[in-house]
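Colleague: Please walk me through this model, one question at a time. I would like to begin with a single residue and then widen the view.

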Amino acid sequence: MGRTPDRAIAVADPRRPRAHFRGVVDSRRREESWLRITFHGATRQVTGSAHLLEIGSRQILLDCGLFDSERIHPDSPNRQLAFDPRALDAVIVSHAHNDHIGRLPYLIRAGYAGPVYTTPATGEITSVMLRDSARIQREEVRNAQIRYPHLENVEPLFELVDVERLVEQIQRLPYQTPLEVVPGVTLTYFNAGHILGSAIVQLDVHEAGRTRRFVFTGDLGRRNTHLLPDPTIIREIDILVAESTYGNRQLDSYDRLIKQLHAIVARAIRLQSKIVIPAFSLGRTQRMVYCLQELFSVHKVRPIPVYVDSPLALRLTEIHRDHPEAFTPQARSLMDKDPLYFGSRFVEFCQSWDESRRLNYLNGPMVIIASSGMCEAGRIRHHLRQVVSDPDNAIVIVSYQAEGTLGRQIAEGVERIQIFDQWYDLNAAVYVLDGFSGHADRQDLAWWFEQTGGGIEHAFLVHGEPEAMDALVPTLQPFVQNRVHTPELHASYEV
Ligand SMILES: [Zn+2]
């Protein structure tokens with residue numbers, strides 16, 4: 001890979017987002033500086049992933065994710081695109097979490113008609129997630145008409161028709177299969193080990209007899225999780241954009257988490273009680289089902305019924321079953337012993353409300369996994385209502401809980417919680433198991449940076465809170481020739 005001197009220059013005032021990007025750079029500079037990156041999301045925060053690459057006259061967008069902000073209000077940041085969608089030549093998606101795909105149909109609605117590259121699994125998950133998102137937005141619009149009576153013409157960010165157009169534009173590219181996506185730019189996806197289908201994006205840019213390698217990590221998974229492989233190591237990187245979600249945290253090892261889960265299940269068996277696990281339908285639900293399967297078959301814990309109460313989780317689990325090649329050989333051999341992947345004879349998926357309500361009348365021991373992951377909506381609230389007041393029951397928190405959510409209150413062990421319109425004493429035992437996250441922690445990231453072999457010319461950290469990013473800079477810096485950047489929103493760099 002070729003090397004050039006330190007030329008990363010911040011050229012845009014990050015505090016002044018522009019409506020249109022083109023036309024800002026004068027042509028002389030454009031010839032000299034043939035690769036320019038602008039960060040339109042996930043800047044010193046974890047949502048809204050969207051990075052614009054300009055390579056000569058071509059424009060490529062990496063991800064088009066949702067900001068953690070409501071979608072319906074006309075002033076929502078989700079409705080501001082600081083670039084012209086019709087000027088894009090390609091969109092490349094890293095994985096199917098909403099903060100990476102959630103604005104793709106909006107992009108289509110705004111005029112983008114070109115290819116959207118995904119891995120095969122990400123393509124399938126994206127269509128399921130975004131159809132669900134369009135459905136939820138119809139409800140949000142109805143609520144918004146009550147909340148903002150002064151606003152006329154309240155509109156969803158996108159509708160089902162936009163999702164269907166997006167699905168037609170998706171082009172599926174398997175891992176490790178190079179493809180020239182625009183002239184002179186070759187895309188190769190590598191497994192990021194974060195969720196099913198997640199990819200590290202490698203772009204090899206060929207120009208004037210030399211090649212430069214641009215790598216966007218997307219979200220990197222943890223190492224040694226038994227289910228998904230470790231993130232792929234990439235070498236000879238010239239320009240790196242890396243995530244930093246847990247750049248300042250060390251998470252529990254998988255073996256320790258399994259021991260903790262073991263103790264919680266043993267307690268439920270002893271007390272004949274219920275365990276309720278709030279979990280996102282994508283990724284975390286399948287991971288928890290797999291961990292319980294591992295407990296029952298490898299660790300010889302007496303199996304107890306596991307109910308997954310989420311129609312969306314069932315649809316997503318079916319996609320997981322279609323991709324056995326995605327899992328580690330160890331996970332495959334364990335799941336091969338059961339009738340279905342992520343669905344052993346102890347696991348039952350609830351589809352209808354009747355099936356969901358039936359769980360109220362069953363006695364423990366049992367595990368109920370339901371969404372939403374932060375307990376803000378969905379069937380989980382009905383189950384919490386049933387179990388919170390009994391000290392024999394347990395609530396297991398396995399994912400990040402944002403401030404102000406019901407899940408956060410439970411994780412913090414408040415005395416009383418409000419579900420719908422009623423207050424309940426929180427007597428159930430609460431366990432917070434942090435390490436089930438799909439994100440690399442500080443040690444995993446340090447390992448991945450080291451494995452690159454160093455010599456990186458320019459590096460940028462995205463997708464992290466400021467404390468996480470700032471803590472990670474010194475870890476990454478030894479492998480980078482120039483100063484590691486933590487860009488502000490809409491900041492541009494020529495490299
Ligand atoms: Zn993710």
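**From one residue to the whole chain**

Colleague: Leaving aside its neighbours within four places in sequence, which residues is S273 in contact with?
Modeller: Residues are numbered from 1 along each chain as its sequence is written. This is a predicted model, so local features need pLDDT of at least 70 and side-chain atom pairs count only at pLDDT 80 or more, while totals for chains, interfaces and linings use all residues. Two residues are in contact if their C-beta atoms, placed from the backbone, lie within 7 Å. Setting aside those close sequence neighbours, the contacts of S273 are A268, G364, P365, D392, N393 and A394.

Colleague: Is S273 buried or exposed?
Modeller: S273 sits in the loop between α6 (254–271) and β13 (274–278); helices (H or I, at least four residues) and strands (E, at least two) are DSSP runs, numbered from the N terminus. A residue is buried if 20 or more other C-beta atoms, placed from the backbone, lie within 10 Å of its own, exposed if 12 or fewer, and partly exposed in between. S273 has 20 C-beta neighbours inside 10 Å, so it counts as buried.

Colleague: What is omega of the peptide bond from G364 to P365?
Modeller: Both residues are among the contacts of S273, and P365 belongs to the loop between α10 (353–358) and β16 (366–370). Most peptide bonds are trans. The bond from G364 to P365, however, is cis, with omega near 5°.

Colleague: What is phi of D63?
Modeller: Most residues other than glycine have a negative phi. D63 lies in the loop between β4 (58–62) and β5 (90–92), and it counts as buried because it has 28 C-beta neighbours inside 10 Å. Its phi is positive although D63 is not a glycine: near 65°.

Colleague: How many C-beta neighbours inside 10 Å does F342 have?
Modeller: F342, in the loop between α9 (329–335) and β15 (347–350), also has a positive phi, near 55°. F342 counts as buried because its C-beta neighbours inside 10 Å number 25.

Colleague: Why are the buried residues of α5 on the same side of the helix?
Modeller: In helix α5 (residues 160–169) the buried residues are D162, V163 and L166. The arc here is that of the directions from the helix axis to the C-beta atoms. V161 and E168, on the other side of α5, are exposed.

Colleague: What do the buried residues of α8 pack against?
Modeller: Helix α8 (residues 311–321) buries A313, L316, T317, I319 and H320. These residues are on the same side of α8, because their arc around the axis is only 155°. They pack against α4, α7 and β14 (306–309).

Colleague: How far apart are the C-alpha centres of domain 1 and domain 2?
Modeller: Across the boundary, 16 residues of domain 1 are in contact with 17 residues of domain 2. The C-alpha centres of the two domains are separated by 30 Å.

Colleague: What is the radius of gyration of the protein?
Modeller: The protein has 14 helices and 22 strands. Its radius of gyration is taken over C-alpha atoms, and the globule rule is 2.2 Å times the number of residues to the power 0.38. The rule gives 23 Å for 495 residues, and the protein is as compact as a globular protein of that length because its own value is close to that, at 23 Å.

How values were computed. Domains from an automatic or database assignment.
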